[in-house]
Amino acid sequence: MAKTIIVSNRLPIRIEKEEEELIYKTSEGGLATGLGSIYKENDNIWIGWPGISLEKEEEQEVEEELINRNMRPVFLSESEVQEFYLGFSNQTLWPAFHYFIHHMRFKEKEWIAYMQANQKFADAISKWLEPDDTIWVHDYQLMLVPELLRNKFPNVTIGFFQHIPFPSYEVFRMIPWRKKLLNGLLGADFIGFHTYDDMRHFLSSCHRLAGYSYNRNQILVKNRLVEVDSLPMGIDYDKYAESAGSQLAKAKEISYRDSLGPQDLILSMDRLDYSKGIPGRLRAFEKFLGEYPEYQGRVSMFLIVVPSRDKVPSYKELKEEVEFLVGHINGKYGTINYVPIHFYYRSFPLDDLSAFYRMCKIAMITPNRDGMNLVSKEYIASRENVDGVLILSEMAGASKELSDALLVNPNDEAQMVLSIKTALEMPLSEQKRRMSSMQKTVQKYTIFQWVDLFINNLKDLKKRQLAMATKKLNSGLKEKLVEEFKKAKEPIIFLDYDGTLVPFHEDPNDCAPDEELTGILKKLSKIAQLVIISGRKAGNLDLWLSDLDIDLIAEHGIKVKRAGKDWEENENLISNEWKTEARSIMEFYIQRTPGAFLEEKDHTLVWHYRKVEKGLGDLRSRELSSHLKHFMTNKDLNVIDGDHVVEVKPSAINKGKASLERIKGQNYDYIMVFGDDRTDEDTFEALTDKAHTIKVGSGFSFAKFAVENHEEVRSLLQDMIDAK
């Protein structure tokens with residue numbers, strides 16, 4: 001029976017030694033909660049590190065116990081934890097992905113440890129993997145695992161989710177091993193991020209650093225379709241709402257309130273990490289007390305910092321800085337009856353957290369950078385009376401969903417100070433309006449919806465991959481197609497031109513039809529309706545093919561000419577005002593790229609680089625494509641990365657729409673389509689249920705069949721002529 005294998009650096013359980021006895025403690029994290037509905041079912045399993053380095057004889061005991069809990073361990077030595085996890089993962093990738101460039105370090109030894117640890121995880125997965133299983137890999141520590149599995153099991157289903165931000169191309173390219181990391185991730189079929197920005201940064205890096213073109217959110221990797229999407233993670237809303245409403249949480253709230261006094265409380269709760277912006281938050285609170293002395297004695301910060309990686313030098317320094325600031329502020333503004341900051345350096349169980357969420361009028365969550373931040377959502381779910389105020393950093397992924405929070409730039413101290421005052425003085429009616437809206441959002445998009453959405457998207461993509469697995473057109477299939485054509489009374493054949501009927505040339509003007517092709521088209525047009533559907537200018541097609549009794553569709557459907565009639569323009573065209581700016585961008589890249597040239601059509605611009613030195617042409621085309629895709633936002637334009645071309649055209653026009661328009665109202669009993677590049681995929685997809693679709697060349701395609709080259713196309717067309 002097919003199973004789902006969840007893979008993460010840490011298992012949803014941690015093992016600790018107490019007096020030489022192994023103690024198993026369950027994780028309370030959001031991921032463990034959400035995925036509990038998967039790994040505990042049927043034969044599903046979770047693979048990861050149990051959080052401790054063990055002796056060999058202990059490993060056997062632990063593995064047996066974990067198997068009973070639907071888990072499988074990956075055992076790491078102390079040195080592997082030091083170099084793979086604390087080293088490369090958290091002192092190279094973590095600071096890079098959170099834009100803390102000054103904390104990045106590049107040690108070859110740690111990179112080697114990262115590769116070896118990823119191989120160890122891949123080997124552990126391989127041990128338990130069966131052909132129809134689904135693998136879901138989580139987070140930045142395991143970026144190489146998807147490719148390692150793909151190389152060994154080419155057809156396996158793999159998903160990957162990144163729980164921290166993905167940095168811009170400018171930052172990511174600083175990592176010496178950036179291309180290997182990207183290719184590692186691209187071993188997955190479906191890759192998820194919390195936000196659209198993270199997704200966009202990843203696609204840009206794949207394009208500019210690894211040479212992969214992308215269309216919308218899809219990348220073709222070694223003839224395999226990979227999809228990237230943004231799926232913001234939620235929480236178990238009912239769990240936090242019910243805990244906050246429990247009698248235990250209410251009793252603890254009263255007890256803590258009696259101890260703390262009557263002050264309004266500002267909750268600040270984070271794991272110890274420089275990305276969380278804790279020192280900046282403390283300095284803003286200090287400035288608030290200085291600028292608004294009337295609040296001294298009336299407002300306290302409830303500061304919880306959960307220990308994390310405090311043996312790493314940068315984290316140790318952060319802890320010391322936080323302790324210094326707390327002592328400094330308490331010494332400056334504290335009195336016998338008033339403590340400005342109540343500081344706790346430890347974690348708390350859920351019932352305590354629920355009491356904290358209840359009693360704090362304000363939650364101040366202001367990371368400098370955060371993939372999502374679930375604490376903000378937990379606070380919202382715990383506000384039983386639908387009051388309270390959330391101050392949230394716009395640098396947190398959660399800010400994209402929680403627009404009714406007071407959004408702040410964590411680097412703007414003045415704005416942070418003002419937000420505290422605004423939150424304290426906000427009328428109850430306004431608090432309720434904002435909190436009600438955010439509760440509806442958090443309640444709707446829970447951790448369980450997130451899990452289902454990811455898994456369903458992965459399954460849907462796998463179906464589309466199978467649909468695009470084109471069959472090689474062997475002699476038996478060819479005979480069947482020819483026989484069906486022979487019986488047809490009203491056949492129509494759509495033919496792309498360049499790469500399909502003629503080979504590519506360095507100079508596009510050298511592609512006029514030769515005598516053989518002209519003869520084939522002339523004979524075929526007498527026994528079938530022929531349509532040449534091309535990206536070429538109308539003028540070229542007119543010059544070469546107007547003497548034949550065939551229809552012509554030029555510039556991907558912008559212009560159409562029925563046999564014996566005049567050209568007509570597509571009525572859905574937008575104005576050409578966009579061309580001025582697009583042309584200037586493309587000409588700028590021509591100046592930097594010897595051999596490149598611009599082809600201008602009535603409603604399309606095409607940047608050709610077939611004559612450009614290979615490496616330079618690939619590099620410049622990626623830069624240009626990225627530049628144009630940014631430019632085309634909200635302009636109803638498509639940027640198409642074709643065979644040695646980058647083309648800009650109106651998005652309302654494509655070959656698929658043109659082909660559907662051509663057969664509308666007709667009763668063709670045989671439809672055949674030939675094409676070789678991405679623009680022809682629109683036709684294949686549009687006519688998939690109606691036509692025999694044939695891709696020229698290799699690669700995944702919506703076409704049902706594939707042939708090698710233009711010579712095989714001509715051979716098949718000749719067989720069809722001979723059959724009639």
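First, a term: on a 1 Å grid over the protein atoms alone, a pocket is an open set of points where a 1.4 Å probe fits, with protein on both sides within 12 Å along at least five of seven lines, and lining residues have an atom within 4 Å of a point. Grid points are joined across faces, edges and corners, and a volume is the space filled by probe spheres set on the points.

This is a predicted model, where local features need pLDDT of at least 70, side-chain atom pairs count only at pLDDT 80 or more, and totals for chains, interfaces and linings use all residues. Residues are numbered from 1 along each chain as its sequence is written, and side-chain values use heavy atoms, without hydrogens and water.

The second largest pocket holds about 1300 Å³ of space. Its lining has 45 residues, with S213, L220, D641, D677 and R678 nearest the centre. Helices (H or I, at least four residues) and strands (E, at least two) are DSSP runs, numbered from the N terminus. Helix 22 gives the largest share of this lining, five residues.

Now helix 20, residues 538–545. Which of its residues are buried, meaning under 20% relative accessible area with a 1.4 Å probe, protein chains only? They are A538, N540, L541, W544 and L545. Seen down the axis of helix 20, they fall within an arc of 160°, taken from the directions from the helix axis to the C-beta atoms, so they line one face. What covers them includes helix 19 (515–524) and strand 20 (529–533).

Helix 2 has buried residues too: E58, E59, V62, E63 and L66. Their arc is only 135°, which puts them on the same side of helix 2.

Note on methods:
Buried means under 20% relative accessible area, exposed over 50%, partly exposed in between (1.4 Å probe, protein chains only). Contact means heavy atoms within 4.5 Å.
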